[in-house]
Amino acid sequence: MTIQPRTADPQNPEFQEFLATINQWYTEDTKGFKTYFDAAVENVKPIPEEIIEDDPDGTYTYDWRNKTIDDLCQLFTDWYVWEPLVPTGLDYIQKFSWLYYKNEYGLAFVTKGAGYQMTADFVEVRGKYFDSTDSQELIQTWVNDLGGATAVCSEFYCPNPTEPDLGFENFNQFFARNLNPNANPRPITSPDDDSVVVDPADSVINMIVNDLTLETKISVKTVYLNVLELLNNSNFAQHFDGGTAVSCILMPDTYHHYHAPVSGTVVESNEDVAGEYFGIDNFPGLLNDDNVGYGYSYSVFEHFRRGYLVIETPNYGHVAMIPVGLNTIASVIFEDRFKNVTSENPVAITKGEKIGYFQYGGSLNILLFEKDRFPSLNILQGQQIGFLLGEAEADVKLTKTRKSRFLNRIAYLAR
């Protein structure tokens, strides 16, 4: 039986204040809010025809042409009361993203001035709902979609497996659930071999670039990256000049803690590098059907809200991890012992040790390696390297539901 979860109350005073504020900003053109929004709408790019054909009901597309401030407020209202399910967790992120899809005016609207503040305020008020007990019923729908209580609790720690919500107090607590310590579902490969790098999270792996630069953004098959910006101008950025970057993309229904890819000493960390909440100019391109993140320009993430942590290894140089919160995530949360580490107060870390977690939404980790330290992904004979598409899947474009299922499958590559 499908459970219909209770939705957020659109009459919530904080949410109503949010709507009243952006209406006032539009009326008074506060910090260019009206100017930027009107320019964004005027320059909206058409949604690609093949995507429209894939989404005839408008589940994850939204035509922003000729839309008004009233339409913007209505979208936020619909988004606020909407309950994300396992296969639909990115739908409203996509709806909103069509406003700035390949649209420099739209990007300016959501990343500058009052428009940026609008995104921050919406993330905060929606996050409070997921932190409240009102979101408990949503847990039940996710548990059912993930195979039921027995399946979930065999892999993850559940405070009370006999309860419909498994004993979690709110949805964010469920979303950031810990692994079941008795099941050992994520054994660490070669824990005593410091040359072996492990995936920090349940993720889809993409090589980004093999020739990093500190300041000048260089193109490698259309991919750009700036190490200084990623590491918030850290002095440790110099170690990665000419090095390698790897992305580890997490999908909404996967385990959302991230762990140490190597053993060594944490010599610097910053849990909260302030940045943008929205602004991926081609969100469908990031999903990229069955090749999530492949060939994408990751330079946008240099400006997103993120944290970073630099590990010094005894024999293999420095390794940096940059957890990035995408879109509706404002939380990149480190374990206490890894917050605000400095070179004067370093902290030992063991491969596989938990570093932190994300709350609800999509997210990724970017790993940086020194030059000539990480030339490729090395996989032993007989180990899984991917999935094949059947003839029918290869001949037709993936639909939304099939795409979600496929991404869920490939997210298990690192397990």
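This is a predicted model: local features need pLDDT of at least 70, side-chain atom pairs count only at pLDDT 80 or more; totals for chains, interfaces and linings use all residues.
Local features were considered at pLDDT of at least 70 and side-chain atom pairs only at pLDDT 80 or more, whereas totals for chains, interfaces and linings use all residues. Residues are numbered from 1 along each chain as its sequence is written, and side-chain values use heavy atoms, with hydrogens and water left out.

Helices (H or I, at least four residues) and strands (E, at least two) are DSSP runs numbered from the N terminus.

Rings of Phe, Tyr and Trp (its six-membered ring) pair if their centres lie within 6.5 Å; planes under 30 degrees apart count as stacked, over 60 as edge-to-face and the rest as tilted. The rings of Phe-156 and Tyr-255 form a tilted pair, because their planes are at 35°, with the centres 6.2 Å apart. This pair links distant parts of the chain, 99 residues apart: Phe-156 is in the loop between helix H9 (149–155) and helix H10 (171–175), and Tyr-255 in the loop between strand S2 (244–250) and strand S3 (257–259). Phe-156 counts as buried at 5% relative accessibility, and Tyr-255 is buried at 2%. One aromatic cluster includes Phe-15, Tyr-62, Trp-64, Phe-76, Trp-79, Tyr-92 and Phe-96.

Charges also sit over rings, a term applied if NZ of Lys or CZ of Arg is within 6 Å of the ring centre and within 35 degrees of the ring normal. The charged end of Lys-95 is placed over the ring of Tyr-92, 5.4 Å from its centre. For Arg-177 over the ring of Phe-174, the distance is 4.4 Å.

Three strands make up an open, antiparallel sheet in the order S3-S9-S7, where pairing requires at least two DSSP bridges between two strands. S3 and strand S7 (332–334) are the edge strands, each pairing on one side only. S3 and strand S9 (residues 354–358) pair in the antiparallel sense over three bridges. Tyr-258 has Gly-356 in S9 as its bridge partner.

Terms used:
Buried means under 20% relative accessible area, exposed over 50%, partly exposed in between (1.4 Å probe, protein chains only).
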